[in-house]
Amino acid sequence: METEKTTGLESHTQAQTAEKWRKYLLPVGLLLLFLLNILIFMEKFGFNFVNRYYKGILILTFINIILAVSLNLINGITGLFSIGHAGFMAVGAYVSALLSINMGEWGFLPPQIQSIIEFPLVLILGGLAAAFAGLLIGVPTLRLRGDYLAIATLGFGEIIRVVALNLGITRGARGIPGIPNHTNFWWAQFFAVITVVIIWNIVRSNHGRAMAAIREDEMAAEAMGVNITYYKVLSFTIGAFFAGLAGGLFAHYLSYIAPRSFDVLKTIEILLMVVLGGLGSITGSVIAAVVLTALPEVLRFLQAYRMVIYAGTLVLLMIFRPQGLFGRAEVDLTVFQALKSRAAEKTKSQPGERGGNGDSA
Amino acid sequence: MSQLLQQLVNGLSLGSIYALIALGYTMVYGIIRLINFAHGDIYMVGAFVGYFALRGGLPLPFAFFLAMIIPALFGLVIEFFAYRPLRNAPRIAALITAIGVSLFLENLGILVLSPDPRPFPQVLPDKSIISYGDVNVSLTQFLMIVITLALMVLLTLFVHYTKTGKAMRAVSQDREAAQLMGININRIISVTFVIGSALAGAAGVLVGLYIPRIEPLMGVMYGLKAFVAAVIGGIGIIPGAMLGGVLMGLAETLVTGFLASTWRDAIAFGLLILILLIKPSGIFGTSSRTKV
């Protein structure tokens, strides 16, 4: 998928301005996150700066970040147009919710330790179940190209929903109530950060480059020796795993799930985040997830018009800026490299401080 | 046995709805290679135009006519404003735009018409005109099948024997070559959207008469299933859409009749995945290999 069809001059100046403020994006973002953590940590000392409502939005933001970044791995990095992400989310949500509800005392561990490791374990099992579903779905359908793949993944997403609607264990349309309310700010943040770091590193590994090669030109990638099926399935399965994880967090946040929470609209909501941020940009997905989770809350007075505005935005975005906010650009990590080298220079210029043998070792 | 026959009749009438919608999908896909996700919502527009026309006291044929004209205009406008600027954009951009247009129409519908389902005016007498033992064909079902057949015959004649139809086939074969032959591509694409949308509008009224309940989100499922029908028959191929639609209707009523109605939606997509795995180009499709 081509992006940025601007003339050379335009893209040059655009890139320069983008370069300037992208430098500050990561430090500012991390600083804000740090301040947020402090504010919420103050609760331990009896200061309630952030009320339940805002904390709920923050948790949903983290869940949406996981969903958007994982869908971006499939859609943006590997170029497989999947629109069944809510289905994987549903698998993770149902599996982890049912495990949580039915998990009694393990017996071989003290209850205190069990209560700590139970929740992440359940989430990961939910993610693995979703990954398995992704594998099952991916192997046959990933032979399909473009539109066919899109419609097949959509079909599978719907099938998962219909299965949840019909099975006895999922209680059909009534849904599952009474899921333990384990998801708090810390867990949601922890898993969101882990997800972003893992996917960021995947994208910058050999595997990620193989996936990007598939996106750019499947045939050329195959000719260069990239095992197309393997990497497509890998990308799909990893994406499904994190979607399942997010589903588990979602279930343990709302403590109630029903099939209708995971319909086509949910997928499209996630897709909108990915597209708005820029297909292929993890930074973009994170920022778009934050914006699109917060925006509806800010624009509550526009509630009735919300979805109309969303949809209109999507169309206008595609017509006027199809590459999204970020295109494929990411945050600038050179800030840290600059800090590091500056620190290194400092030690070099002041050898006396470290006894003169600091950097020679 | 008579239950099976009755289910076949029901399946055929439901299938004719799917076939009518599927035609729009297949024609648009054949010509610009775009899954027009908004097509299902055009069908919803048709149903609502029919609803308001009948509520306003217009006779059925006139309401039917209106329910074809107004969706056709919608199709024309959508193509012009949303899809035309993306004619040379990457296909994924066009696909996302189509999803956006679909969402836009659905939510505009919810906003303007309220999300509650409404009863469609029952202007046809509820009687069966053909009875054979326990098997009954109601007047509505009869009309559905006959009107669908008539529209399909007209469409086939149009595509095969008029100059515009010939141009449509040319564009779907090779857009650039068609342009070089002096065909006005934009006009042909507009005509395709108009015809497809008019057929969907007709389907909207028919389904209103058959299942007397309409709502702004009714296009989502019908649209998806009709698209599946188009894929099953072989996307871009007009007879394929007809066959696929009928197959889809039959499969669905048989599952509803003999299994459980809650599995209905899964069957449609199960069928899709099955066909994609066995023969991705559809029943009537010829497979083509991508060459470098």
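Trainee: Is I40(A) buried or exposed in this predicted model?
Mentor: I40(A) sits in helix α1 of chain A, which covers residues 8-41. Buried means under 20% relative accessible area. I40(A) has 3% relative accessibility, so I40(A) counts as buried.

Trainee: Which residues does I40(A) touch, not counting those up to four places away in sequence?
Mentor: Set aside the residues up to four places away in sequence. Contact here means heavy atoms within 4.5 Å. The residues left are V50(A), K55(A), L58(A), F185(A) and W186(A).

Trainee: How many Å apart in space are I40(A) and G278(A)?
Mentor: Along the sequence, I40(A) and G278(A) are 238 residues apart. In space, go from C-alpha to C-alpha. That separation is 31 Å.

Trainee: What is the secondary structure of chain A, and what share of its residues is buried?
Mentor: Chain A comes to 13 helices and two strands. It has 361 residues. The buried share of them is 48%.

Trainee: Among contacts in chain A between residues at least 6 apart in sequence, what percentage joins residues at least 24 apart?
Mentor: Start from contacts between residues at least 6 apart in sequence. Then keep those that join residues at least 24 apart. Their share is 80%.

Trainee: At what angle do helix α3 and helix α5 of chain A pack?
Mentor: Helix α3 of chain A covers residues 85-102, and helix α5 covers residues 146-166. Their axes are 8 Å apart. The angle is about 30 degrees.

Trainee: Which residues of α5(A) meet α3(A), and how many charged residues does the contact have?
Mentor: From α3(A) come G87(A), F88(A), A90(A), V91(A) and Y94(A). They meet G157(A), I160(A) and A164(A) in α5(A).

Trainee: Where is L254(A), and is it buried, exposed or partly exposed?
Mentor: L254(A) lies in helix α9 of chain A. Its C-alpha atom is 8.0 Å from that of I179(A), 75 residues apart along the chain. L254(A) has 41% relative accessibility, so it counts as partly exposed.

Trainee: What is the phi of S255(A)?
Mentor: S255(A) is in the loop between α9 (228-254) and β2 (256-257) of chain A. At 22% relative accessibility, S255(A) counts as partly exposed. Most residues other than glycine have a negative phi. S255(A) is not a glycine, yet its phi is positive, about 50 degrees.

Trainee: What is the phi of R33(B)?
Mentor: R33(B) lies in the loop between α1 and α2 (39-55) of chain B. At 39% relative accessibility, R33(B) counts as partly exposed. R33(B) is not a glycine either, and its phi is positive, about 55 degrees.

Trainee: Are α1(B) and α8(B) roughly parallel or roughly antiparallel to each other?
Mentor: Helix α1 of chain B (residues 2-32) and helix α8 of chain B (residues 185-210) pack at about 165 degrees, with axes 9 Å apart. Angles over 145 degrees count as roughly antiparallel. Therefore α1(B) and α8(B) are roughly antiparallel.

Trainee: In the contact of α1(B) with α8(B), how many residues are nonpolar?
Mentor: The crossing of α1(B) past α8(B) is left-handed. Among the contact residues are I17(B), G24(B) and I31(B) of α1(B), and I188(B), G196(B) and L199(B) of α8(B). By class, the contact has five polar residues and no charged ones; the nonpolar residues number 18.

Trainee: Which residues is I188(B) in contact with, leaving aside neighbours within four places in sequence?
Mentor: I188(B) lies in helix α8 of chain B. I188(B) is buried, with a relative accessible area of 2%. Its C-alpha atom is 6.1 Å from that of M168(B), 20 residues apart along the chain. The contacts are I31(B), T164(B), A167(B), M168(B), V171(B) and I183(B).

Trainee: Is E106(B) buried or exposed?
Mentor: E106(B) is in helix α4 of chain B, residues 91-113. Beyond its neighbours within four places in sequence, E106(B) is in contact with D41(B), P216(B), L217(B) and V220(B). At 6% relative accessibility, E106(B) counts as buried.

Notes
Residues numbered from 1 in each chain as written. Chains lettered and ligands numbered in written order. Predicted model: local features only at pLDDT ≥ 70, side-chain atom pairs only at ≥ 80, totals over all residues. Heavy atoms only, no water. Axes fitted to C-alpha atoms, helices over the stretch in contact; angles between N-to-C directions. Helix = DSSP H or I, 4+ residues; strand = E, 2+ residues; numbered from the N terminus. Parallel < 35°, antiparallel > 145°, perpendicular 65-115°, else oblique. Left-handed = near helix turned anticlockwise from the far one by under 90°. Nonpolar A, V, L, I, M, F, W, Y, C, P; charged D, E, K, R; others polar. Buried < 20%, exposed > 50% of the residue type's maximum accessible area, 1.4 Å probe, protein only.
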